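Please have the sequence and coordinates open as you read.

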Amino acid sequence: MLSGAMVLASAPVPARAQMATSLGFHIVYACFGIAFPVVVLVAEWIGIRRGDPAALLLARRWSKVMALLIAVGAVSGTVLSYEMGVLWPGLMGRFGAAIGVPFAVEGVFFFVEAIFAGVYLYGWDRLSPWAHWWSGMPIAVSGPLGALSVVAANSWMNQPTGFVLKAGRVTSVDPFAVYFNNATPYETPHMVLAAYMVTGFLVAGVYAVGLWRGRNDRYHRLGFAVPFTIAGIASPIQLVVGDLIARVIERQQPVKFAAMEYVPRTARGVTEWIGGIYVDGHVYAGLGIPYLDSILVAFDPGAKVIGWDSVPPALRPPLPSLIHLSFDAMVAIGTGLFALAAWQGWEWWFHRRIVRTPWFLAACAVAGGAAALALEFGWIVTEVGRQPWIVYGYQLTNSSVTVASGVEVTFAVVIVVYGILSIVSVAVPVIMSHRWRTEGPSAEEAEQVPYGPPAPRSASP
Amino acid sequence: MSPSPSPESLAVAIVLFVAIAAYALLAGADFGGGVWDLLAGGAERGAGPRRAIDESVTPVWEANHVWLIFVLVLLWTGFPAAFAAIMTALFIPLSASLLGIIMRGAGFAFRHQARGLRTKQITGAAFAAGSLITPFLLGTVIGAIVTGQVRYGGPAGAGSLTGAGGLAREIAAWTTPAALLTGALFVSACAYIGAIFLTVDARNRGELAVANYFRLRAVAAGLVTGAFAGTTFGVLSFSSPYVFARLTGTALPPVAISVAAGLAALILLLARRTRGLRVAAGTAVAAVVAGWGWGQFPYLLPTTLSLQAGSAPANSLLAVLAVAGLGVLFVAPGFALLYWLQQHGALAESPTTGSLRQAAELAGQPLDQAPAPARDSHPVVMTIVLAALGAGAVRDILARARTGRRAGKE
């Protein structure tokens, strides 16, 4: 264990921070990769079906933004593939044969997505309308299936199954058991629904601002209604799924659940804490509801809930306050988003109209950001809650990190690069929308030379 | 000599090298486009070639890029120990190549929306610089592997670099003459294959001046690539005796094929023929990849980790092969469609205003009229939504009841 002790001495903090940063950014782009094609295809479908110029214009403009986000998502996905090896050679060298299986499947879906993105995004003018619409279907289908595969890899880290370990080496692998591990069935729908919510609320928010400013035309109403409907349908399902997951976590990863709910000691009739900070056995500034945690876990006020004292201190997740508050914030935001969707749903069901109250539109404007925050909080709960394990119950994060020097440098570069990427991928759509609003169609049509002096176009055919 | 590899690990190794060859050819051509973009001169003079590069690269580069991810996935699933050792020993060039990949992809994507000349130049420079450094660094990685700079150090797969040496060793691994030469070879090979593809694309579009522009550059890049290939080959004789001995012995066929195909491509270029040009040049490049694999057989990491010793358990390898089969089934037709459409000029960046015309055609009415009224109710959609909600609620209640019963029994 001497080498293990040496590795422990060089704490994996920069590596973990780098992985967390890259994943934290990529997960938002991934949401757009999963859900945006559906939003665009619905708009295009309305446009073709009804001959609606507003819907078609929306679809085309969204597809421009989609081209940008898919490109950034593709490179940022590459970053993660590299980091699996560059940062965690101890994980991949030992368990690559098992965890690699879902990634290999993901490769096929990634191919399908990238190929048909090329056809869909650049085939607007030469393909017939319906042929073009169908060329987008493979993107919409491969998004969630790709998510299934990647999330299956993460689920496997939480619930590792399907391999035989002999003398520290994986000697046999059952690919199906790896792919369909115990956590895949709930982690995947949670992530895919989150993707629809993040994308839908973010896109709808843009048009909510437009409506708020009084641009109450068909273009803005559709631009709001299409993504909001998709996110709104996902919201109640997400509440149900999330509720189920919490109870499954309680059984499968009781220590993670204990950190999520502040359960230091295994006990019956456990208090549910809402908010609050945990310091040395006390919860400060939290609202404690007696017996509620036991009721939520087993529908019984006397039910036993396992606390983190069930494992030695070295095997407990760090920062229970971070995990608990992230969990609470995610639940709170999810519930709020559901309320927003229900409000609009009610109005549509009975009055067939979009709510135009400033309160509602203001909430919608920030709903996308809130959904993205909830996504990040959920990610923190999953990942920090799994610590100190990288493969739950089998391998510690400490013993997986690279021995190469220079992670501090790459971490700094990653922060800078992702900072630039995020700023630009927010700023560019904003600039694009400003141009669309202020310039006539002729200015846009003139702008087709990708690089070079703006004016002369003599070289083009 | 280590025992010969099992059929499945040999099969995965072949799939891996096919994927590497595909990446080298397809993404290599896109990188080459970036290199020519970099060398196209000032904004005014370079506008023509840059537009041609953009037209050829835009719809396909992402799909081509996925080959790299597929290569990584194949490597870590099929040969995890080799993956871990490579990623540890070559941390620096790999991390730096990642920066190149980001610059290339993001620069390219953002450039399409840039308006002012200055922004275009900045984003274009990121694209071009990324296209230059990525193949160079990936080349040094392969040079380091071939020359045995990545050594397998144990089951943990961390390589033998843990002890003394540290940073100095990490830098030395990929800065040997052979590795640097391989990097240069990769850049010139990308420029070469890129110029070939651009020549044919421009000819197909009927832009003869642009085609000739790239034809001359393809000749130059081909000669430079040949010179680099010859020098690298010579350097291998002392920096990697094992691979050199195989390349001049058992593994001679790919070397011969590469030379012959390269010469054939050169003759076609000089004769201004485009028929068969891409095949000849592609064969020359793919044969180099094949020669590399064949040359270091049966080693994953010459000469410390053999294919047999570094392979994942058989079931993982079979799963990878099954996935590759799925890929042939689903991905190959997709690629065929993508390239067919691209070659027939069906894929291009288009202004969004086209939708207005399209809508007018579809509706068969002038644009200023309101669209057809929407239907007021959607019974099918509502049924599905309510059914989904109801099913979720029922499932939730049942799960609650079950856990409640179980807790009660305890």
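This is a predicted model: local features need pLDDT of at least 70, side-chain atom pairs count only at pLDDT 80 or more; totals for chains, interfaces and linings use all residues.

Q: Why is A:Ala234 called buried?
A: A:Ala234 has 27 other C-beta atoms within 10 Å, and a residue counts as buried at 20 or more, so the label applies to A:Ala234. Its place is in helix H8 (residues 218–252) of chain A. Leaving out residues up to four places away in sequence, A:Ala234 touches A:Leu193, A:Tyr196, A:Met197 and A:Gly200. A:Phe95 is 139 residues from A:Ala234 along the chain, and their C-alpha atoms are separated by 35 Å.

Q: What makes A:Ala412 exposed?
A: A:Ala412 has 12, so A:Ala412 is exposed. This alanine belongs to helix H13 (residues 407–438) of chain A. Its C-alpha atom and that of A:Pro254, 158 residues apart along the chain, are separated by 35 Å.

Q: How do you know that S1(A) and S2(A) are paired strands?
A: Pairing takes at least two bridges between the strands. Strand S1 (residues 163–166) of chain A is joined to strand S2 (residues 169–173) of chain A by four bridges, so the two strands pair. They run antiparallel.

Q: What makes the span of helix H8 (residues 177–204) of chain B close to the expected one?
A: The helix has 28 residues, for which 40 Å is expected at 1.5 Å a residue, and it reaches 40 Å from its first C-alpha to its last. The expected span uses one less than the number of residues, so the two values can be set side by side for H8(B).

Q: Why is H8(B) called mostly covered?
A: Of the 28 residues in H8(B), 24 are buried. After the helix comes B:Gly206, with a positive phi near 80 degrees. For chain B as a whole, buried residues make up 56% of its 410 residues.

Q: Which residues touch the most other members of the largest nonpolar core?
A: They are A:Ala371 and B:Leu90, in a core of 290 residues. The largest share of this core, 23 residues, comes from helix H4 (residues 89–122) of chain A. Not counting residues up to four places away in sequence, B:Leu90 touches B:Val141, B:Ala144, B:Val150, B:Ala173 and B:Trp174.

Q: How many residues does each chain bring to the contact between them?
A: Chain B gives 107 residues and chain A gives 102. On the chain B side, 64 are nonpolar, 28 polar and 15 charged.

Q: What is chain B built from, and how far apart in sequence are its contacts?
A: Chain B has 16 helices and two strands. Among its contacts between residues at least 6 apart in sequence, 80% join residues at least 24 apart.

Q: Where is confidence lowest and highest among the helices named for chain B?
A: In chain B, confidence is lowest in helix H15 (residues 354–363), at a mean of 56, and highest in H8(B), at 92. The chain averages a pLDDT of 82, and 87% of the residues score at least 70. Over residues 364–374 of chain B, pLDDT stays under 50, and the model has 10 contacts beyond four places in sequence for them. Residues 155–164 of chain B also stay under 50, with 34 such contacts.

Q: Where does confidence fall in chain A?
A: In chain A, confidence is lowest in helix H1 (residues 2–9), at a mean of 38, and highest in helix H7 (residues 184–212), at 91. Chain A averages a pLDDT of 84, with 93% of the residues scoring at least 70. The model scores ipTM 0.83 and pTM 0.84.

Conventions: Residues are numbered from 1 along each chain as its sequence is written. Chains are lettered from A and ligands numbered from 1 in the order in which they are written. Two residues are in contact if their C-beta atoms, placed from the backbone, lie within 7 Å. A nonpolar core is a set of buried Ala, Val, Leu, Ile, Met, Phe, Trp, Tyr and Cys residues joined through C-beta atoms within 7 Å. Ala, Val, Leu, Ile, Met, Phe, Trp, Tyr, Cys and Pro count as nonpolar, Asp, Glu, Lys and Arg as charged, and the others, Gly among them, as polar. pLDDT is the predictor's confidence in each residue, from 0 to 100.
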